[in-house]
Amino acid sequence: MASPFALSLPQPLRQFFSLFPLYTHPPVDSPDKARPVSSPTLWIHVPWGPDADVLSSDVECLKWQAYLALRGLSNINLRWDISAEGALDNRLPNLHIPLKTLSGASQEVKAHDDGEGELLPAHLIPEWVDGRVGALDELEGYVDEAARDESRAWVSLLEGNVHAALMLHQPSSLSFLDIISPYKIKPRSLDTVVAQPPAPLFGISSLLPSYGTHVNIDAIEQQYKDAIASLSERLGTDKWFLGSSSPTALDALVFAYLHSILHSKEHTLRFEVTRRVNLVAWERRIQSQVRGGFRTAHPVQQSS
């Protein structure tokens with residue numbers, strides 16, 4: 001018997017709701033199942049060509065590929081069928097690792113690993129690598145403190161002058177869907193790499209707000225040429241940059257930029273590197289070592 005205090009909907013409202021009936025259906029099992037993560041898998045941008053190449057065409061992804069390989073890791077799977085929108089923070093690369101490879105994971109977590117693993121953004125990759133092969137000393141692999149401090153200057157030069165020239169001649173890959181999509185992935189803009197002149201302290205122009213970005217192409221190209229010349233001179237005939245006895249993070253960074261430049265369609269960029277024999281020979285030697293650290297777990301296709 002219905003409770004006398006039960007609330008009932010008015011007849012007009014019940015008739016309105018009857019126009020939108022709620023149906024329930026049994027679950028539909030999909031034959032497509034996620035592959036369990038049995039070994040580390042690096043998500044990268046698509047390589048240069050479809051010839052089973054394992055080196056990414058994106059310099060940021062290539063930096064981390066070189067870092068992993070030069071730290072001594074191998075048999076790392078690759079996949080490039082995931083776009084940047086599907087990555088953490090909308091940025092590639094990401095490293096998908098099994099839980100058993102986490103240094104801080106408990107035995108209970110490792111025992112109940114369901115194959116989903118853990119997805120790491122790029123800035124957490126060094127911590128995971130340290131847990132696998134051991135942490136570096138306070139010199140970070142350089143011969144002394146002076147070399148370690150000098151490496152910071154070379155990183156700034158590569159991330160600044162060389163990166164700006166690479167971006168300047170990098171073709172745009174925007175499609176119509178990228179233009180109309182409200183979820184745009186904004187790449188690193190050129191004006192954030194190039195140092196801008198200070199605003200005038202007096203005059204009419206100081207009263208007007210700045211608008212747009214003025215990029216001095218000639219200055220960027222000249223700074224790029226000077227940077228490559230300095231890089232070649234500093235390497236000399238050494239096996240590793242700054243006289244290190246083993247590869248460092250700087251070597252991974254230099255390789256990523258040299259490899260990207262040598263694959264660039266812009267002749268001006270390639271010429272500055274190809275005319276310096278020691279840089280070309282060094283890049284080829286490191287390239288074979290970096291390639292040896294990766295493999296494709298299964299055929300992948302670029303996502304549309």
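Visitor: What is the accessible surface of the chain, and what share of it belongs to carbon and sulfur atoms?
Guide: The accessible surface of the chain comes to about 19,400 Å². This is a value for a predicted model. The share that belongs to carbon and sulfur atoms is 56%.

Visitor: Of the residues of the chain, what percentage count as buried?
Guide: The chain has 304 residues. Buried here means under 20% relative accessible area.

Visitor: How many helices and strands does the chain have?
Guide: Helix H8 is one of the helices and covers residues 249–262. Strand S2 is one of the strands and covers 76–79. In total, the chain has ten helices and five strands.

Visitor: What percentage of the contacts with a separation of 6 or more is between residues 24 or more positions apart?
Guide: Take the contacts in the chain with a separation of 6 or more. Then keep those between residues 24 or more positions apart. They account for 74%.

Visitor: Which residues have the most contacts inside the largest nonpolar core?
Guide: The largest nonpolar core has 62 residues.

Visitor: Which residues is Phe 241 in contact with, leaving aside its neighbours within four places in sequence?
Guide: Set aside its neighbours within four places in sequence. Its contacts are then Leu 231, Leu 235, Leu 250, Asp 251, Val 254, Leu 279 and Trp 282.

Visitor: How many residues of H8 are buried?
Guide: Helix H8 has 14 residues and reaches 20 Å from its first C-alpha to its last. That is close to the 20 Å expected at 1.5 Å a residue. Its buried residues include Leu 250, Asp 251 and Val 254. H8 is mostly covered, and its buried residues number twelve.

Visitor: Which helices do the buried residues of H8 pack against?
Guide: The buried residues of H8 include Phe 255, Tyr 257 and His 259. The helices that the buried residues of H8 pack against are H2, H5, H7, H9 and H10.

Visitor: Why are Glu 60 and Lys 63 separated by about one helical turn?
Guide: The side chains of Glu 60 and Lys 63 meet in a salt bridge, 3.1 Å from N to O. An α-helix has 3.6 residues a turn, so residues three or four places apart point the same way. Glu 60 and Lys 63 are separated by about one turn because they are three residues apart in helix H2.

Visitor: Which residues are linked with Lys 63 in a network of salt bridges?
Guide: Lys 63 counts as buried, at 8% relative accessibility. A search of the whole structure finds ten salt bridges. In the network with Lys 63, the linked residues are Glu 60 and Glu 159.

Visitor: Is Glu 272 buried or exposed?
Guide: Glu 272 meets Arg 275 in a salt bridge of 3.5 Å, N to O. Arg 275 is partly exposed, with a relative accessible area of 48%. Glu 272 has 6% relative accessibility, so it counts as buried.

Visitor: How far apart are the closest N and O atoms in the salt bridge of Asp 149 with Arg 148?
Guide: Asp 149 is partly exposed, with a relative accessible area of 46%. Arg 148 counts as buried at 19%. Their closest N and O atoms are apart by 3.8 Å.

Visitor: Which residues make the nonpolar surface patch of about 610 Å²?
Guide: One of the patch residues is Phe 16, which lies in helix H1. Phe 16 is partly exposed, with a relative accessible area of 44%. The patch is made by Leu 9, Leu 13, Phe 16, Phe 17, Leu 19 and Phe 20.

Visitor: Which peptide bond is cis, with omega near 10 degrees?
Guide: Most peptide bonds are trans. Pro 93 is found in the loop between S2 and S3. The cis bond runs from Leu 92 to Pro 93.

Visitor: What is the phi of Asp 89?
Guide: Most residues other than glycine have a negative phi. Asp 89 is found in the loop between S2 and S3 and counts as exposed at 61%. Asp 89 is not a glycine, yet its phi is positive, at about 60 degrees.

Technical notes. Residues are numbered from 1 along each chain as its sequence is written. This is a predicted model: local features need pLDDT of at least 70, side-chain atom pairs count only at pLDDT 80 or more; totals for chains, interfaces and linings use all residues. Side-chain values use heavy atoms; hydrogens and water are left out. A nonpolar core is a set of buried Ala, Val, Leu, Ile, Met, Phe, Trp, Tyr and Cys residues joined through side-chain atoms within 4.5 Å. Buried means under 20% relative accessible area, exposed over 50%, partly exposed in between (1.4 Å probe, protein chains only). Contact means heavy atoms within 4.5 Å. A salt bridge is a side-chain nitrogen of Lys or Arg within 4 Å of a carboxyl oxygen of Asp or Glu. Helices (H or I, at least four residues) and strands (E, at least two) are DSSP runs, numbered from the N terminus. The expected span of a helix is 1.5 Å times one less than its number of residues. Patches are made of residues with over 30% relative accessible area and no salt bridge: like charges are joined within 9 Å, nonpolar side chains (Val, Leu, Ile, Met, Phe, Trp, Tyr) within 5 Å. Accessible areas come from the Shrake-Rupley method with a 1.4 Å probe; for residues, only the protein chains shown count as cover.
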